[in-house]
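Take a look at the chain below. This report walks through its charged pairs and then its strands.

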Amino acid sequence: MSQIKSSGTKPELAVRSYLHKLGFRFRKNDKRLAGSPDIVFPRYYAAIFVNGCFWHGHSLCKKVRIPKTNTEYWTQKIQRNRERDKEEIQALIAQGYRVGVVWECSITGKNRSQKIQEISESVALWLEEGFDQTFKEF
């Protein structure tokens, strides 16, 4: 568990890299904002979190399962993470930011590079045209 990083993860780096290729400029892990989002676009007043499905309790992911040992601890921990994520998203929206969440399962697996490209392009479209959406999951 000590090897798990909170920033600079492979999915985060992949999304950042492709968004940079598309011409977007951003800040990384801006600690001045609630939850220190993984990617912040000051020009668009938008923040992106790249969440791991296990740690953030992605309800739509088939790969998420609670470990069989110490089940109560893990259930409570993941629930706390989900509650904290909701609070951080609401705080960012209250500050006038739009918030996006890129789930790990949407950019990993077979055809990984194609998935990353598609997700990054949909993030780019949301940044430039989705001003009416204050929250979006990718």
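Glu 88 is buried, because its relative accessible area is 17% and the cut-off for buried is under 20%. This is a predicted model. Glu 88 forms a salt bridge with Arg 84. The closest N and O atoms of Glu 88 and Arg 84 are 3.5 Å apart.

Where do Glu 88 and Arg 84 sit relative to each other in helix H2? They are 4 residues apart, so about one helical turn separates them. Arg 84 is partly exposed, with a relative accessible area of 36%. Side chains of opposite charge can pair when their charged atoms come close.

Salt bridges that share partners join Arg 84, Asp 85 and Glu 88 into one network. The side chains of Asp 85 and Arg 84 meet in a salt bridge too, at 3.9 Å from N to O.

Asp 85 is found in helix H2. Is Asp 85 buried or exposed? Asp 85 counts as buried, because its relative accessibility is 13% and the limit is under 20%. Which residues does Asp 85 contact, leaving aside its neighbours within four places in sequence? Asp 85 is in contact with Asn 51 and His 56.

## A pair in helix H1

Now turn to helix H1, which covers residues 10–21. Arg 16 forms a salt bridge with Glu 12 here. The closest N and O atoms of this pair are 2.8 Å apart. Arg 16 and Glu 12 both lie in H1, 4 residues apart. That spacing is about one turn of the helix.

What about cover? Arg 16 has 11% relative accessibility, so Arg 16 counts as buried. Glu 12 has 1% relative accessibility, so Glu 12 counts as buried as well. How many salt bridges does the count come to? The count comes to 4 salt bridges.

## Strand E4, a covered strand

Next, the strands. Strand E4 spans residues 98–103 and is mostly covered. How many of the residues of E4 are buried? The answer is 6 of its 6 residues.

The side chains of E4 point two ways. Arg 98, Gly 100 and Val 102 point one way from E4. Val 99, Val 101 and Trp 103 point the other way. Residues on both sides are buried.

## The neighbours of E4

Strand E3 covers residues 46–51. E3 and E4 pair in the parallel sense over 6 bridges. Which residue in E4 is the bridge partner of Ala 46? Arg 98 is that partner.

E4 also pairs with strand E5, residues 135–137. This pairing is parallel, over 3 bridges. Val 101 stands opposite Glu 137 in E5.

## Two crossovers

Follow the chain from strand to strand. E3, helix H2 and E4 make a right-handed β-α-β unit. Helix H2 covers residues 71–94. The chain then crosses from E4 through helix H3 to E5. Helix H3 covers residues 112–129. This second β-α-β crossover is left-handed.

Key:
Residues are numbered from 1 along each chain as its sequence is written. This is a predicted model: local features need pLDDT of at least 70, side-chain atom pairs count only at pLDDT 80 or more; totals for chains, interfaces and linings use all residues. Side-chain values use heavy atoms; hydrogens and water are left out. Buried means under 20% relative accessible area, exposed over 50%, partly exposed in between (1.4 Å probe, protein chains only). Two strands pair if DSSP finds at least two bridges between them. A crossover is right-handed if, with the strands pointing away from the viewer, the path from the first strand over the helix to the second runs clockwise. Contact means heavy atoms within 4.5 Å.
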